[in-house]
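Reader: I would like to learn how to read a structure like this one, feature by feature. Could you take me through it slowly?

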Amino acid sequence: MVRTRLSRADRYSQLVDVAWALVREEGADALTLGRLAEHAGVAKPVVYSHFASRNALLAALFSEFDHRQTRMLDEYLEAADATLAGRASAIANSYVGCALAQGRELTGVLAALQGSPELEEVKRESDEAYTEICRGILAPFAEAQEISRPAITAIFGAAEALSRAAVSTALGADQAREQLAELIVAVVRPR
């Protein structure tokens with residue numbers, strides 16, 4: 001069998017895809033650089049040239065998810081009405097939709113991120129950037145043209161819980177999206 005040599009970028013994408021598949025099949029605890037090399041059909045030094053450590057791999061997986069979530073938000077916003085309800089639905093659809101697209105393996109990666117201060121910082125910075133994007137989207141609809149930190153924290157606490165419930169099928173996907181959109185509207189413009 002002839003092996004095709006991939007570009008560095010293509011190899012990186014392949015390793016990320018294989019890592020997600022490994023987490024999906026065996027859980028985040030099974031994800032090591034050696035196992036990734038084995039499943040990707042490459043030598044360990046190839047994996048180590050892309051990820052210096054397991055933590056670096058986990059951070060890369062989360063970053064890839066985060067970029068996908070932001071792209072999905074942009075797509076939903078482009079199609080949404082320029083109303084509070086339209087913007088709230090875009091945020092809810094993208095947040096829940098991205099969690100559903102990633103599936104249960106995201107839960108394992110998120111749990112692993114809690115295992116080290118370095119990884120917790122990656123998640124915190126990512127969450128902060130995403131919430132700031134959403135604050136900017138929602139602020140024009142708020143009474144004071146601003147969404148407070150407690151309010152945005154409440155929105156994304158609910159988003160996380162509703163997404164988890166949808167992924168585990170404790171709630172239907174549409175139900176999770178609708179509830180989140182309604183909550184966003186209620187927090188931004190309380191009666």
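**Cysteines, helices and their packing**

Author: Let us begin with the cysteines: the structure holds zero disulfides, a disulfide being a pair of cysteine sulfur atoms within 2.5 Å. Please keep in mind that this is a predicted model, in which local features need pLDDT of at least 70 and side-chain atom pairs count only at pLDDT 80 or more, while totals for chains, interfaces and linings use all residues. Residues are numbered from 1 along each chain as its sequence is written, and side-chain values use heavy atoms, with hydrogens and water left out.

Reader: How far from Cys-98 is the nearest cysteine sulfur?

Author: A disulfide is a covalent bond between the sulfur atoms of two cysteines. Here Cys-98 is in no disulfide, and the nearest cysteine sulfur, which belongs to Cys-134, is 12 Å away. Cys-134 is likewise in no disulfide.

Reader: Is Cys-98 buried or exposed?

Author: Buried means under 20% relative accessible area, exposed means over 50%, and partly exposed is in between, using a 1.4 Å probe and protein chains only. Cys-98 has a relative accessible area of 0% and is therefore buried, and Cys-134, at 0% relative accessibility, counts as buried too. Over the chain, buried residues make up 45% of the 191 residues.

Reader: What does the secondary structure of the chain come to?

Author: Helices (H or I, at least four residues) and strands (E, at least two) are DSSP runs, numbered from the N terminus. By that reading the chain has nine helices and zero strands, and its C-alpha trace spans about 65 × 30 × 30 Å along the principal axes.

Reader: How should I read the packing of helix H1 with helix H2, and what is the angle between them?

Author: Two packed helices are described by the angle between their axes and the distance between the axes. Axes are lines fitted to C-alpha atoms, for helices over the stretch in contact, and angles run from 0 to 180 degrees between N-to-C directions. Helix H1 (residues 8-26) and helix H2 (residues 33-40) pack at about 105 degrees, with their axes 9 Å apart. That makes H1 roughly perpendicular to H2, where angles under 35 degrees count as roughly parallel, over 145 as roughly antiparallel, 65 to 115 as roughly perpendicular and the rest as oblique. Contact means heavy atoms within 4.5 Å, and the residues that make this one include Leu-15, Val-18 and Leu-22 of H1 and Leu-36 and His-39 of H2.

Reader: Which residues make the contact of H1 with H6?

Author: The axes of H1 and H6 come within 8 Å and cross at roughly 100 degrees, so the two helices are roughly perpendicular to each other. Trp-20, Val-23 and Arg-24 of H1 meet Glu-105, Leu-106 and Val-109 of H6. Val-23, at 4% relative accessibility, counts as buried, and beyond its neighbours within four places in sequence Val-23 is in contact with Ala-28, Leu-31, Glu-105 and Val-109.

Reader: How many residues does helix H7 have, and which of them are buried?

Author: Helix H7 (residues 117-138) has 22 residues and reaches 31 Å from its first C-alpha to its last, close to the 32 Å expected at 1.5 Å a residue; the expected span is 1.5 Å times one less than the number of residues. Its buried residues are Leu-119, Lys-123, Ser-126, Tyr-130, Thr-131, Cys-134, Arg-135, Ile-137 and Leu-138. The buried residues of H7 pack against helices H4 (54-79), H5 (84-102), H6 (105-113), H8 (149-167) and H9 (173-188).
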